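Please look at the sequence and the structure below before reading on.

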Amino acid sequence: MAKTDYDLVIIGGGPAGLTAGLYAARARLHVVLLEKLMPGGQVATTDWIENYPGFPEGLSGADLVMKMTEQAKRFDLPIESREVQSLDLSQPIKKINLGDSSITTKTIIIATGASPRKLGVPGEDLFYGKGVSFCGTCDAPFYRDQVVAAVGGGDTAVQESIYLTKFVKKVYLIHRRDELRAAKILQERAFANDKIEIVWDSVVTSINGALTNVGSITLKNVKTGETRDLKVDGCFIWVGTTPNTAFLPDVVKRDDWGFIVTDQKRETSVQGVFAVGDVRDTPLRQVVTAVGDGAIAAVEAEHYIENME
Ligand code: NAP
C-alpha cells in the first residue's frame, strides 16, 4: 500500500472532532486535527450547558471545549489551524487540499458542524453586526436595558432568549407557529419569564433601521396576513442550522437538507470517510450525541485502516 502522510485526518474541532481525536490519539494512530479557527465549534459560544452528564451544576460551552481540548492534547493529539479547501476522494488514498499545500491520508473524519441559518429577508445582511446577531453570548451585553427581537421557536431561540433577559429590558420571541418546538422545560421557563413576550404565528419580512443600527422589524401574521412594524433595538436570529459542507465533493452523499448521510459506523457513501456531529443526518444535535459519534467514527476508522493493511 502506498505511503500516506497520515492514517487519519479529522476536519473540525468541535466536541465531535475533539472526541474522535482523543480516541484516535489513544489508539496511537498517526492523526492530525485540522481546525479553521480555534477548537470549539458552535458550542464554544453557548452560554450554559446543563444537559451534558458529569457536570451537575452545568458549565459554559467555552469551558467544556477547553476541557475537551486539554484532554485530547494530553494524549498528544496534534491540532493545526488550517482550512480545508477541497477533498479528492477518487482513490483509496485520500487527498486533502489546503490551498498552498496538500496532504494524503487513509481515512478522514468530517466534523465541520453547522452554521446558523439565515432568514433571507431585507436588512439581515445589511445590519449584521449592527443590530442583527446570531450569538447571544457574544452580543447580549450590547443591548443592556434595550428591547430586542429573537426569531425562532427551537431550543436555541428559547434558551438564548432566556439568557438575553439577564441584560435586556424586553425580548419579543417571534415564532412562525402557535406552538414552540423547544424542550418543555425551556418552554416553561420562557412562559414564566416576565421579560419575554411571545409573538405567535408571525414571520419577520424585513429588518429596518438607519445606517448603523436597527430600529424596527416588520412582522407578518401568517394566519391573518396582517403586517406591522415592531420597534426593537436589535434582532437575534435562531432558526436552525446549515451544515458546513462547501468543501465536499458530490460523491459524499447528502440528505434533502444537505446533511451528510452515514451508516451505523458513521461511515459516509465513500469508504474510509466518516462524518460526525451536527454535520451528519442525526436525529439529535447535542454535545452528548456529537461526542458519541466522534468515538464511534474513530474506532471504525481504526478498523478500516487495519483491514487496509
Ligand atoms: P431547530 O430545532 O431546527 O429549530 C429551528 C426553529 O426555527 C424552529 O422553531 C423553526 O420553526 C424555526 N424556523 C426555521 N426556519 C425559519 C424561518 N425561515 N423563519 C422563521 N422561523 C424559522 O434549531 P435550533 O433551535 O438551533 O436547535 C438545533 C439543535 O440543537 C436541536 O437539535 C436542538 O435540540 C439542539 N439544541 C439543544 C439545546 C439544549 O439542549 N439546551 C440548546 C440549543 C440547541 P418550526 O418549529 O415551525 O419548524
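Does Arg266 count as buried or exposed? At 15% relative accessibility, Arg266 counts as buried, where buried means under 20% relative accessible area, exposed over 50%, and partly exposed in between, with a 1.4 Å probe and protein chains only.

The model is predicted: local features need pLDDT of at least 70, side-chain atom pairs count only at pLDDT 80 or more, and totals for chains, interfaces and linings use all residues. Residues are numbered from 1 along each chain as its sequence is written, and side-chain values use heavy atoms, with hydrogens and water left out.

**The chain as a whole**

- The protein chain has six helices and 17 strands; these are DSSP runs, with helices being H or I of at least four residues and strands E of at least two, numbered from the N terminus.
- The radius of gyration of the protein chain, 21 Å, agrees with that of a compact globule, because 309 residues would give a value near 19 Å. The radius is taken over C-alpha atoms, and the globule rule is 2.2 Å times the number of residues to the power 0.38.
- The C-alpha trace spans about 65 × 40 × 35 Å along its principal axes.
- Of the 309 residues in the protein chain, 50% count as buried.

**The surroundings of the ligand**

- The ligand is surrounded by 18 residues, and the closest are Asn51, Asp155, Arg177, Arg181 and Gln286. A residue is near a molecule if one of its heavy atoms lies within 4 Å of it.
- The shell around the ligand consists of three nonpolar, nine polar and six charged residues. Ala, Val, Leu, Ile, Met, Phe, Trp, Tyr, Cys and Pro count as nonpolar, Asp, Glu, Lys and Arg as charged, and the others, Gly among them, as polar.
- At least three residues of this shell come from each of domain 1 (6–115 + 242–308) and domain 2 (118–237); the bounds come from an automatic or database domain assignment.
- A polar side-chain atom of Gln159 lies 2.8 Å from a nitrogen atom of the ligand.
- A polar backbone atom of Arg285 is 3.2 Å from an oxygen atom of the ligand.
- For Gln286, a polar side-chain atom lies 3.3 Å from an oxygen atom of the ligand.
- On its own the ligand has 920 Å² of accessible area, of which the protein covers 76%; such areas come from the Shrake-Rupley method with a 1.4 Å probe, and for residues only the protein chains shown count as cover.

**Residues in loops**

- Arg266 lies in the loop between β16 (241–243) and β17 (273–275), and its phi is near 70°, a positive value in a residue other than glycine.
- Asp76 is in the loop between α2 (61–74) and β3 (79–81). Its phi is also positive, near 70°, and Asp76 counts as exposed because its relative accessibility is 59%.
- Asn193 is in the loop between α5 (184–191) and β11 (196–199) and counts as buried at 17% relative accessibility.
- The side chains of Asn193 and Thr165 make a polar contact (3.1 Å). A polar contact is a pair of N or O atoms within 3.5 Å; within protein, one must be able to donate a hydrogen and the other to accept it, and residues adjacent in sequence count only if both atoms are side-chain atoms.

**Residues in a helix and a strand**

- Glu302 belongs to helix α6 (residues 287–308) and counts as partly exposed at 24% relative accessibility. Its C-alpha atom is 7.8 Å from that of Ala27, 275 residues apart along the chain.
- Ile96 is in strand β5 (residues 94–97) and counts as buried at 0% relative accessibility.
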